[in-house]
Amino acid sequence: MKKNIRIFGRTIVLLAIIGLNSCTSYLDKSPEAIVSPTDAFINFTNFQGFTEELYNCVPEYTSKMWATNWMMGDETINSPGGLWLSDLFDKGDYWGWTTSAWISWLDAGSAKTSGDSFDRGLWPNAWYAIRKANLGLANLDKLNATDEEKNLVKGQLLFFRGWFHFELMTYWGGLPYIDRELSPTEKLELPRLSYQETADRVAKDLREAADLLPVDWDNTTAGAKTSGANQLRVTKMAALAYLGKNYLYAGSPLMNKQSTGSATYNADYCQKAAAAFAEMLKYVDSGESFHKLVLFKDYSSLFYSNGSNVMPGYPEAIFMSQTYNTWFNGCPWGPSSIFAARSIGGGYCSPNARYVENYGMANGLPIDDPESGYDPADPWANRDPRFYHDIVIDGDKIVSGSLPADDEKLRYAALYTGGVSRDESTCSRTGYLLRKLTPITANSKDNFPNNYMHLAYMRLPDVYLMYAEAVLQGYGSATSEGPNYITAEAALNVVRTRCGAGPVAQKYVGDKDKFMSEIIRERAVELAFEADYRFNDLRRWLLWGDKKYLEKTAIYFDRGTNGKPINMTEKVIATRIFPERAYWLPLKTADVNLYPSFGQNPGW
């Protein structure tokens, strides 16, 4: 898949980018927002060009700044003195998503859809995109096109209106659902809905979008014009997957508590989620969709290019942002070279040692299971294959090319206490390094290959795992087939089987709580260090109050004569401050003061 979506056409008059600073700018209609129906909406080529700006509204969260500041959960810890968003959250500064917008992909000074990816923030771009989608939907009757073309345009507009509302409410809770053009003279009376009320409105848009959009654009008459370059376009698959995610989130304990007061799963929403996921996955099973799991030997191609001319992610990516630029290519610092010591380039964030414990054994059992075979004297032996793909451990080879004799010590990771790779301010702070998102040659000694990292908002394994959770919580059993499809157990094992890890042990399958613990652990491993999965998972499960998720730890050890670690200890090096109110991020003060019924999130 090429790195840029091929556009159908260029609108003669586009919706102006009006520099939205808040909801105020969104709600106040300006003259520049008027689009000529003669130009923009008259035919499919122009209307599609108008619609395609919505793709550019999606933030490319990995390129907002020079560090991995999208990892807002417990996956990593940065070097001491860090000032990125995850550092601010660790310190309890949840206003940091906006007061330090230059390091937060959640915010930006205004809505931007062109230029540098640094400019894009979810909050301003979402309101702009919702307004644009409503403008397009209001003008559909002007489109002179075939039924297929009309369905493609309407499906995209509905998808993005639903998707951006979903992304907003994921972080800030229930919001007004804006599904029409707002008059510049009408009084603002758009009360905030509960989370589940907002989710129902999102579901309506995503369901209709799924009914209108194709499984594969290449198989449509209109899409054939850009055949081979359509993978970034939203499809029936994306609409169904997000329909399921929207329902699963609505049924999760945090969202159910906000809506009903009950901090438990809502089985009805989970059953709806399972049905949407099943509908989507059946297209995968039938081969009608291009989506499929790659072989594990090609696993890295999902995350970085390593010099190839293909965008990472295909064919597992269900939805991902457009590529705005590739300035991290061959960069000696930043997300494209985060695994290595700064002495050879890169090195800023380290995997939290506590988080690394999620990686179980090759037989599929967690390391704390008495039958797992885990050996504290040889802790990195016989682990889940993804452990070796994702994590650099002591003794791993990290330089391939020639080295001067004085630098030979840099060839292998020295992560033991006092080792050259263990300088907390320039390399590993925890005894581990991260390699999942970069080729091992991304260092100054191997000359930083032309690597490009691009991560999806949603991958196919995420769908399998959400389906497993929805079936378990909707139907009460890991062995239920739920919506006339595979069991929760089978769905989880699809992901495990691909990497060569053992299936979920039967003693976990028969116990609902134990099986849920395996879903939590599997999501932590398969989706590690990607997108915002972990931060939002722990929130929706109401698990951030658990001390084990708040603590970030490091291991300290000596290297024995046989190369194995000895005298190992684990110490807490940071504890995140997470008050109850932080389950929902604070809203901008300027926005909550727009009108009385909008309101701030509780506790802020």
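Analyst: Let us begin with one term: a residue counts as buried when its relative accessible area is under 20%. Please also keep in mind that this is a predicted model.

User: OK, so is helix 2 mostly enclosed or open?
Analyst: Seven of the eight residues of helix 2 are buried, so this helix is largely enclosed by the rest of the structure.

User: Which residues in helix 2 are buried?
Analyst: They are Phe44, Asn46, Phe47, Gln48, Gly49, Phe50 and Thr51.

User: And what do those buried residues pack against?
Analyst: The buried residues of helix 2 pack against helix 3, which covers 53-56, against helix 6, which covers 122-138, and against helix 7.

User: How do helix 2 and helix 7 lie relative to each other, parallel or perpendicular?
Analyst: The axes of helix 2 (residues 44-51) and helix 7 (residues 147-172) come within 10 Å and cross at roughly 10 degrees. Angles under 35 degrees count as roughly parallel, and helix 2 and helix 7 are therefore described as roughly parallel to each other.

User: Which residues meet there?
Analyst: From helix 2, Phe44, Phe47, Gln48 and Thr51 take part, and they meet Glu149, Leu152, Val153, Gln156 and Leu157 of helix 7. Sorted by class, this contact of helix 2 with helix 7 has five nonpolar, three polar and one charged residues.

User: Switching topic: what volume does the largest pocket have?
Analyst: The largest pocket has a volume of about 490 Å³, and it is lined by 17 residues, of which Asn358, Asp368, Arg521, Lys548 and Tyr549 lie nearest its centre.

User: Which helix gives the most to that lining?
Analyst: Helix 17 gives the most to the lining of the largest pocket, with four residues, while helix 12 (353-356), helix 17 (512-526) and helix 19 (547-550) each supply at least two. By class, the lining of the largest pocket divides into seven nonpolar, two polar and eight charged residues.

User: How many cavities are there?
Analyst: A search of the whole structure finds eight cavities of 30 Å³ or more. The second largest cavity has a volume of about 80 Å³, and among its 15 lining residues Gln231, Leu232, Ala317, Ile318 and Met320 lie nearest its centre. That lining of the second largest cavity has ten nonpolar, three polar and two charged residues.

User: Last one: where is Val399?
Analyst: Val399 is in the loop between strand 4 (391-392) and strand 5 (433-434), and at 0% relative accessibility Val399 counts as buried. Val399 and Thr441 are 42 residues apart along the chain, yet their C-alpha atoms are separated by 6.4 Å.

Conventions. Residues are numbered from 1 along each chain as its sequence is written. This is a predicted model: local features need pLDDT of at least 70, side-chain atom pairs count only at pLDDT 80 or more; totals for chains, interfaces and linings use all residues. Side-chain values use heavy atoms; hydrogens and water are left out. Axes are lines fitted to C-alpha atoms, for helices over the stretch in contact, and angles run from 0 to 180 degrees between N-to-C directions. Angles under 35 degrees count as roughly parallel, over 145 as roughly antiparallel, 65 to 115 as roughly perpendicular and the rest as oblique. Contact means heavy atoms within 4.5 Å. Ala, Val, Leu, Ile, Met, Phe, Trp, Tyr, Cys and Pro count as nonpolar, Asp, Glu, Lys and Arg as charged, and the others, Gly among them, as polar. On a 1 Å grid over the protein atoms alone, a cavity is a set of points where a 1.4 Å probe fits but cannot get out, and a pocket is an open set with protein on both sides within 12 Å along at least five of seven lines; lining residues have an atom within 4 Å of a point. Grid points are joined across faces, edges and corners, and a volume is the space filled by probe spheres set on the points. Buried means under 20% relative accessible area, exposed over 50%, partly exposed in between (1.4 Å probe, protein chains only).
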